[in-house]
Amino acid sequence: MWRDPGTPADSFYEVRPECTDVPKSRFKIRAGKTLSARKWHAAFSPDGHLDISKTLGRIQHGGIHPSIRGEVWEFLLGCYDPNSTFEEREQIRQHRRVQYALWKEDCRQMDPVVGSGRIITAPLITEDGVPIQDPLVLLEANPDKVPTSTAEKNEDDVKPEPSNDNTSHDGTLDNDNTSHDATLDNDNTSHDATLDAASSNGSESVSKPPPPVGEIILDKKIIQWKLTLHQIGLDVVRTDRTLVFYEKQENLSKLWDILAVYAWIDKDVGYCQGMSDLCSPMIMLLEDEGDAFWCFERLMRRLRGNFRCTDSSVGVETQLSNLASITQVLDPKLHQHLETLGGGDYLFAFRMLMVLFRREFSFCDSLYLWEMMWALEYDPDLFSMYEEADSTGEKSEESKGKTKAIRQCGKFERENQRCAGKNGDAPLPISLFLVASVLKEKSAKLQQEARGLDDVVKILNDITGNLDAKKACNGAIKLHKKYLKKAKKT
């Protein structure tokens, strides 16, 4: 019997020719397996209602064709209700674009670099609100306001020599030098994450123009936001630097703008290292910046708990604790071995959970993994839950009592629904079972060869580029079922 060998999808995400060590993608577009544009459009009624159950199976087994990936993700992430019409979705889309533009303008009023096509990579302000007067900083942040004599002096003193640094002699970004290390360090992820939590809805507007260069800022919320801007810039120029897409300054600045706006409207979380990895695909898949922002915002609804930090803890610690519990149930010998090595806190899995395996897979394969995860977890009430949370702060009683259409749910979510009410615990995300499946696969090697935490990290780092996304998802589903059965007995 003839089987379609599939077409490689790497051509949709072109890699810079000098980057020869990038792992090849395993994901292939397969006729009859991958969700095609034809099958996707056929799932809509004439007025726009989507029977998403017709698409979830395809996505779970063969992913999404890159040409329609962006619009499908908008549904998987809860941007739109599948029961809405074309007209209703267009109204929502236009309203959100206007809202994003207003938020972006608020940010531009506080710092003119927002929306300018440039990026900040140097600190602008001290924690006391005092602007930093370094000439390079002034040039980068306010090139039109720096005295000519200062700019000329700076050009004479600093010559543009080739280096691995991402700022050129005039303070602007050099797109040919984006070779910063992209490693997400465990001890650095909470940098600039503890922002003012007094208001997280971003509803306030900035009515006055930005203070002149040199004026001290007193508003603590603005100070905290401006303190994050250069960190966002440093991370942006490291993100997906092997892709041709990010050779263009306009794409880098779009990513920076979205993250800067998000840091302002979600003050409880602000910005943390790793968010640029989550936002980057949205920029590539959705042409309109406002649409990309809202897709990222919906993804953060799922993950923001991981990034919420206090002076004494990082949000992802809860997930790491859940991972330890899962491993203790499913592989008690491995769990005991890890505890003996001092790894009972499971910090070695930190990166996998924070950026959803972006570093363990090629760019293309990580997108394939994400959409399979979201299809498996899909809940048709996502849109209404998010909208109600925005308007009331919590789910309404009507929503809580509403019966879900199980057929419209993903396979993983259906299992959670069947077990709902049998215990008071909230369902665990599939990402935890993905990590558990990786640990299960490496269990023997970890137990035999790991004599310290450095060995554990090395063994897990060796999986980079060698994982199969579909196999990992299938393994996660099996472990989930096994875990639920064992959990019932305890």
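User: How many salt bridges does the structure hold?

Analyst: Side chains of opposite charge can pair when their charged atoms come close. A salt bridge here is a side-chain nitrogen of Lys or Arg within 4 Å of a carboxyl oxygen of Asp or Glu. The structure holds 27 of them. This is a predicted model, in which local features need pLDDT of at least 70 and side-chain atom pairs count only at pLDDT 80 or more, while totals for chains, interfaces and linings use all residues. Residues are numbered from 1 along each chain as its sequence is written, and side-chain values use heavy atoms, with hydrogens and water left out.

User: Which residue forms a salt bridge with Arg93?

Analyst: The partner of Arg93 is Asp291, with the closest N and O atoms 2.9 Å apart. Arg93 lies in helix α4 (residues 86-110) and Asp291 in helix α10, so the pair ties together parts 198 residues apart in sequence. Helices are DSSP runs of H or I with at least four residues, numbered from the N terminus. Both residues also belong to a network of salt bridges with Glu74, Arg97 and Asp288.

User: Is Asp291 buried or exposed?

Analyst: Buried means under 20% relative accessible area, exposed over 50%, and partly exposed in between (1.4 Å probe, protein chains only). Asp291 is buried at 8%, and Arg93 is buried at 17%.

User: Which residue pairs with Lys226 in a salt bridge?

Analyst: Lys226 pairs with Asp111, the closest N and O atoms being 2.8 Å apart. Lys226 is in helix α7 and Asp111 in the loop between α4 and α5 (135-141), 115 residues apart. Lys226 is buried at 9%, as is Asp111 at 3%.

Definitions and conventions:
Helices (H or I, at least four residues) and strands (E, at least two) are DSSP runs, numbered from the N terminus.
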